[in-house]
Amino acid sequence: PQRQETRPGRQGRRPHPSRAASRRRLLSPRAPRRLWQDLMAPGDPSAKKKKTEDQASEEGAVRVPNPHLEKIKEDFLYHFALGTATHDFPALFGDVKFVCVGGSPSRMKNFISFIAEDLGIGSPGCDHPNICAGTDRYAMYKAGPVLSVSHGMGIPSIAIMLHELIKLLYYSKCSNVIIVRIGTSGGIGLEPGSVVVTKQSVDATFKPQLEQVILGKSVCRSTVLDEELAKELMECGKELNQFNTVTGNTMCTLDFYEGQARLDGAICSYSEEEKLQYLKSAYEAGVRNIEMESSVFAAMCNLSGLRGAVVCVTLLNRLEGDQITTPHEVLKEYQTRPQKLVGHFIKKHLGKQ
């Protein structure tokens, strides 16, 4: 017989029928067995596989943390001269797995020719058309799963390009994309021609952050880059064994002259002693090179779920001077070194798949 509840002030009152039924089910000797069977049910293997694949795809998906984009029916990427209404993004870019960005359009065209030949894509010497030929702001080239894009000079220019590039990858439904900035820089305590794989981008006060003013308020974003990706690139440098490859912090500045403690600009308000003291402090803080794009690159990669790396060659040692006096042909060879390193990484990565 059902035992009655005996709570103070409620003697003789029977429990609610639905509660009693729930209690009988839980107290049933068969209940634990049924619960165990439900937990251990094999289910549909194909459904489990699909769920795993969907989760993996979602984890590697490009993110656009902007809810307002959902309200835009047709998005025109103005600085690329590409739009969702005029171009089939998934068909054009859906297979992209590697994106390499650099300042100069000619350098990025040279890179796509180099990587295409290295991967055996197309016939040797074939021309790769500029996908963004409708604008003179940026240049874009593609060879198989590799996209090569110019970004101009400085934080504002690369930031504009990255906003539209990230949306392009998102609209193309790309996943597990790796993006690498390849470029030139000034070294600190390194011989010219050394290649630096960036650990983290730091500002002019050596902090790993990008400070940006949004709606009149200062917003700081992390500029730490993908640690495992940096390790893989360093390993590729060891395998190539063609030039000095090091890892360290990269200082990102707002300009080329005073921001980088140069003495040869039109305006200079400090002494040579102060300049050297500052650069030595940077070296002690782990900085090995200086450029003008890595901070916003790292911050935007982090926000959009892209694995990012910065690989730059040093054109001079800033502890020894400010002006680049190396012969042009030598500089041209220096500029191919990040391309060779990243090309080796891509080829190795595709060989594993």
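**Figure 1. N176 in the loop between α6 and β6.** N176 counts as partly exposed, at 47% relative accessibility. This value, like the others in these legends, comes from a predicted model. N176 sits in the loop between α6 and β6. Its phi is near 50°, a positive value in a residue other than glycine. Most residues other than glycine have a negative phi.

**Figure 2. S172, a second residue from the loop between α6 and β6**. Is S172 buried or exposed? With a relative accessible area of 2%, S172 is buried, because buried means under 20%. The S172 side chain reaches the backbone oxygen of L168 at 2.6 Å. Beyond the neighbours within four places in sequence, S172 is in contact with F89, P90, F93 and G94.

**Figure 3. F206 in the loop between β7 and β8**. F206 is not a glycine, yet its phi is positive, at about 70°. The residue is partly exposed, with a relative accessible area of 23%. That is why F206 is not classed as buried: the buried class is for values under 20%.

**Figure 4. A204, also found in the loop between β7 and β8**. A204 is partly exposed, with a relative accessible area of 36%. Which residues does A204 touch when those up to four places away in sequence are not counted? They are M251, C252 and Y278. For A204 and M251, the separation is 47 residues in sequence and 6.5 Å in space, taken C-alpha to C-alpha.

**Figure 5. Y283 in helix α8**. The helix α8 consists of residues 272-284. Y283 counts as partly exposed, at 33% relative accessibility. Not counting residues up to four places away in sequence, Y283 touches I188, G189 and R288. From Y283 to N249 the C-alpha to C-alpha distance is 9.0 Å, and the two are 34 residues apart in sequence.

**Figure 6. S148 in strand β5**. The strand β5 is made of residues 146-150. S148 has a relative accessible area of 0% and is therefore buried. How far from the side chain of S148 is the backbone oxygen of M108? The side chain reaches that oxygen at 2.8 Å. M108 is also one of the residues in contact with S148 once neighbours within four places in sequence are left aside.

**Figure 7. The largest pocket and its lining.** This pocket holds about 790 Å³ of space. Its lining has 29 residues, and those that lie nearest the centre are L210, Q212, R221, V296 and M300. Which elements give two or more residues to this lining? They are α6 (155-171), β8 (209-214) and α9 (294-304). By class, the lining residues of the largest pocket divide into 16 nonpolar, eight polar and five charged.

**Figure 8. The second largest pocket and its lining.** The space in this pocket is about 350 Å³. It is lined by 21 residues, and M153, T184, F256, M292 and E293 are the closest to its centre. Two or more lining residues come from each of β6 (178-187), β11 (287-291) and β12 (307-317). The largest share, five residues, is given by β6. The lining of the second largest pocket is made up of seven nonpolar, nine polar and five charged residues.

**Figure 9. The whole chain, as context for the close-ups.** The chain has 353 residues, of which 42% count as buried. It contains ten helices and twelve strands. Among contacts with a separation of 6 or more, 75% are between residues 24 or more positions apart. The chain exposes about 19900 Å², and carbon and sulfur atoms supply 53% of this area.

Note on methods. Residues numbered from 1 in each chain as written. Predicted model: local features only at pLDDT ≥ 70, side-chain atom pairs only at ≥ 80, totals over all residues. Heavy atoms only, no water. 1 Å grid on protein atoms, 1.4 Å probe; cavity = no way out; pocket = protein on both sides within 12 Å on 5 of 7 lines; lining within 4 Å. Points joined across faces, edges and corners; volume = space filled by probe spheres on them. Helix = DSSP H or I, 4+ residues; strand = E, 2+ residues; numbered from the N terminus. Nonpolar A, V, L, I, M, F, W, Y, C, P; charged D, E, K, R; others polar. Buried < 20%, exposed > 50% of the residue type's maximum accessible area, 1.4 Å probe, protein only. Contact = heavy atoms within 4.5 Å. Areas by Shrake-Rupley, 256 points an atom, 1.4 Å probe, with all protein chains shown as cover. Polar contact = N/O pair within 3.5 Å; in protein donor to acceptor, adjacent residues only side chain to side chain.
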